[in-house]
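I opened the model to look up a few side-chain and packing details. My notes follow in the order I took them.

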Amino acid sequence: MYRMGIISFLTNDKSLDTNRCVKIALVHDMAESIVGDITPVAPISKEEKHRREFETMQYLTMQLLAPFNPSAAQEIMDCWNEYEDVATPEARFVKDVDKFELLMQCIEYERDTKGTKGLEQFLSVRSSIKTKEVCEWADAAIAIRSEYLASLEEKDKA
């Protein structure tokens, strides 16, 4: 969430409310602190995942935070709903940043393991990125990955 917040600062798209993007990035996975990271391959439906996360967000914001700062609690809940519903251009951008950040984790892990882990399946998230700017970032990262893996192959041949 932190790295996504920082990445959200990097947009050159002046039509986006960067502050809103950062806030959405900071709260988008907040429910995972309690329910865990339910991945697409988990045997849990999207509806059930959403229900669990929504109830957790209600608990965190309306029960824990609201007694101390109701406006902040509501804003956090609003940001989370905005992200979940992809209700604004800012939410769409942050959804794409989330996918880009996954690509970056994949590439970093491949570098850490000197390319010994085949993580190609994670590259499929590129096809679901919609915003032009994040598409460009993802394509650049994938190109750098390809160059790195090619350099490893050259070293192996030598």
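Predicted model: local features only at pLDDT ≥ 70, side-chain atom pairs only at ≥ 80, totals over all residues.

Phe-54 has 30% relative accessibility. Buried would need under 20% and exposed over 50%, so Phe-54 counts as partly exposed.

Next I looked up the aromatic pairs, and the count came to three. One of them joins Phe-54 and Trp-80, with ring centres 6.2 Å apart. The planes of Phe-54 and Trp-80 meet at 40°. Stacked would need under 30 degrees and edge-to-face over 60, so this pair is tilted. I then checked where the two rings sit. Phe-54 is in helix H4, residues 46-65, and Trp-80 is in helix H5, residues 70-85. The pair links distant parts of the chain, 26 residues apart. Is Trp-80 buried or exposed? Trp-80 is buried, at a relative accessible area of 0%.

I moved on to Phe-100 and Trp-137. They form a tilted aromatic pair, 5.7 Å from centre to centre, with 55° between the planes. Phe-100 belongs to helix H6, residues 89-112, and Trp-137 to helix H7, residues 132-157. The pair therefore ties together parts that lie 37 residues apart in sequence. Phe-100 has 9% relative accessibility, so I noted it as buried. Which residues make up the aromatic cluster here? Phe-93, Phe-100 and Trp-137 form one cluster.

I also looked at a charge over a ring. The charged end of Lys-95 sits over the ring of Tyr-83, at 4.2 Å from the ring centre.

Cysteines came next. How many disulfides does a search of the whole structure find? I found zero. A disulfide needs two cysteine sulfur atoms within 2.5 Å. For Cys-21, the closest cysteine sulfur is in Cys-79, 10 Å away, which is too far for a bond. For Cys-135, the closest cysteine sulfur is in Cys-21, at 15 Å, so that is also too far for a bond. I checked burial too. Cys-21 is buried, at 0% relative accessibility. Cys-135 is buried as well, with a relative accessible area of 13%.

Then I turned to helix packing. Helix H2, residues 18-27, packs against H5 at an angle of about 90°, and the axes are 9 Å apart. H2 is therefore roughly perpendicular to H5. I listed the residues that make the contact. H2 supplies Arg-20, Lys-23, Ile-24 and Val-27. H5 supplies Glu-75, Ile-76, Asp-78, Cys-79, Trp-80, Glu-82 and Tyr-83. Trp-80, partner of Phe-54 in the tilted pair, is thus on this list.

Ser-8 was next, in helix H1, residues 2-9. Its relative accessibility is 0%, so I put Ser-8 down as buried. Which residues does Ser-8 touch, not counting those up to four places away in sequence? I noted Thr-18, Cys-21, Val-22, Ala-25, Phe-93 and Val-94.

My last entry is Val-125. Val-125 lies in the loop between H6 and H7. At 17% relative accessibility, Val-125 counts as buried. Leaving aside neighbours within four places in sequence, Val-125 contacts Lys-99, Leu-102 and Leu-103. I also looked up its C-alpha separation from Ala-138, which is 13 residues away along the chain. The two C-alpha atoms, of Val-125 and Ala-138, are separated by 9.6 Å.

Key: Residues numbered from 1 in each chain as written. Heavy atoms only, no water. Phe/Tyr/Trp six-rings, centres within 6.5 Å; stacked < 30°, edge-to-face > 60°. Helix = DSSP H or I, 4+ residues; strand = E, 2+ residues; numbered from the N terminus. Buried < 20%, exposed > 50% of the residue type's maximum accessible area, 1.4 Å probe, protein only. Lys NZ or Arg CZ within 6 Å of the ring centre and 35° of its normal. Contact = heavy atoms within 4.5 Å. Axes fitted to C-alpha atoms, helices over the stretch in contact; angles between N-to-C directions. Parallel < 35°, antiparallel > 145°, perpendicular 65-115°, else oblique.
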